[in-house]
Amino acid sequence: MTIFEEMLAQFKSEKGKETPRMAHEVMQQIVLAGLHRGGFFKHAAFYGGTCLRIFHGLPRFSEDLDFSLTEKRNDIHLENFFPSITNEFKMCGLDVTIAKKEKMAFGRVESAFLKENTEAYEIKFQTKKTVKIKIELDTDPPLQFETEQKLLLKPYSFMTRCFALPDLYAGKMHALVYRAWQRRIKGRDWYDFEWYVRNGILLDFNHLQARIKEFSGKDVDKESFLKALRERLASADIELVKMDVVDFISDPHELDIWSNDYFLQLADRIKFV
């Protein structure tokens with residue numbers, strides 16, 4: 001049995017059954033292991049929904065691996081770490097291919113939000129069907145964030161440098177309020193927002209301000225941000241919000257309480273660092 005198969009079997013035993021996305025989740029951990037072995041986390045940190053799922057137990061599936069350099073520089077690129085990634089997969093019993101994902105191949109929501117200096121690639125392998133995940137690296141990031149070291153035990157014991165929870169929260173709130181969607185709403189942002197509030201996570205407003213400044217050039221205070229948040233929460237079509245996220249969770253009844261008023265009340269419970 002290969003290391004990949006062992007990891008997949010462990011996922012199955014923990015979940016009680018095999019799900020179509022288990023192979024993706026094993027792949028995600030192998031990518032992190034390869035990046036660690038190559039020294040990537042000396043220069044970069046992991047953030048986003050997949051970070052929240054792997055290290056903090058977010059109960060929804062997340063597709064992509066999002067990374068940010070910890071300082072602005074132009075000599076660190078994802079391509080530098082491809083050999084480490086492909087070698088890690090070989091040690092786990094898989095051959096993978098890595099291909100650049102052009103901006104025109106992104107969906108309308110993500111392409112409208114993707115920075116020009118974000119590097120994006122797809123890693124895939126073939127079994128009965130193609131299994132692939134996307135990895136992104138922001139090479140010119142907004143700063144003022146803290147990081148922490150989080151432990152994974154498979155495929156070997158290693159530490160992953162991650163955004164601290166208040167800064168993960170800030171990144172999510174920036175996406176929820178300022179992502180350029182029209183009728184296609186990324187309900188996964190709303191799901192994560194609910195998770196942060198429910199778990200009493202503090203929001204790092206300094207990092208949120210840095211992200212807003214990076215994308216819009218505006219200096220926004222807390223009152224202005226909360227006003228924009230409430231406007232978005234009040235005006236969105238909640239059925240479209242649900243439609244986006246329902247395929248990424250195991251229990252659709254989690255969404256029964258969702259309404260515009262429900263999210264406005266969650267907004268009243270935001271606590272800042």
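These are my notebook entries on a predicted model.

**Ground rules.** I number residues from 1 along each chain as its sequence is written. I work with heavy atoms for side-chain values, hydrogens and water being left out, and because the model is predicted I ask for pLDDT of at least 70 for local features and 80 or more for side-chain atom pairs, while totals for chains, interfaces and linings use all residues.

**Helix 4.** I took helices and strands as DSSP runs (H or I with at least four residues for helices, E with at least two for strands), numbered from the N terminus. I called a residue buried under 20% relative accessible area, exposed over 50% and partly exposed in between, with a 1.4 Å probe and protein chains only. In helix 4 (residues 82–91) I found Phe82, Ser84, Ile85, Glu88 and Phe89 buried. Seen down the helix axis, these buried residues fall within an arc of 165 degrees, so they line one face of helix 4; the arc is that of the directions from the axis to the C-beta atoms. I then looked up their partners, with contact meaning heavy atoms within 4.5 Å. The buried residues pack against helix 2 (22–37), strand 3 (97–100), strand 4 (118–126) and strand 5 (130–138). After helix 4 comes glycine 93, with a positive phi near 100 degrees.

**Phenylalanine 11.** I placed this residue in helix 1 (residues 3–15). Phenylalanine 11 counts as buried, at 12% relative accessibility. Leaving aside residues up to four places away in sequence, I list Met22, Glu25, Val26 and Gln29 as touching phenylalanine 11. Lysine 42 is 31 residues from phenylalanine 11 in sequence, and I noted 29 Å between their C-alpha atoms.

**Lysine 242.** Is lysine 242 buried or exposed? I have it as buried, with a relative accessible area of 16%. Lysine 242 belongs to helix 10 (residues 238–245). With residues up to four places away in sequence not counted, lysine 242 touches Leu255, Asp256 and Trp258. A polar atom of the lysine 242 side chain lies 3.5 Å from the backbone oxygen of leucine 255.

**Aspartate 219.** I found aspartate 219 in the loop between helix 8 (205–216) and helix 9 (222–235). Aspartate 219 counts as exposed at 70% relative accessibility. Its side chain makes a polar contact with the side chain of lysine 213 at 3.4 Å. For that term I used a pair of N or O atoms within 3.5 Å; within protein, one must be able to donate a hydrogen and the other to accept it, and residues adjacent in sequence count only if both atoms are side-chain atoms.

**Backbone checks.** I found a cis peptide bond from lysine 154 to proline 155, with omega near 5 degrees. Proline 155 sits in the loop between strand 6 (147–152) and strand 7 (158–163). Glutamine 144 is not a glycine, yet I read a positive phi of about 60 degrees. Glutamine 144 is in the loop between strand 5 and strand 6, and counts as exposed at 53% relative accessibility.
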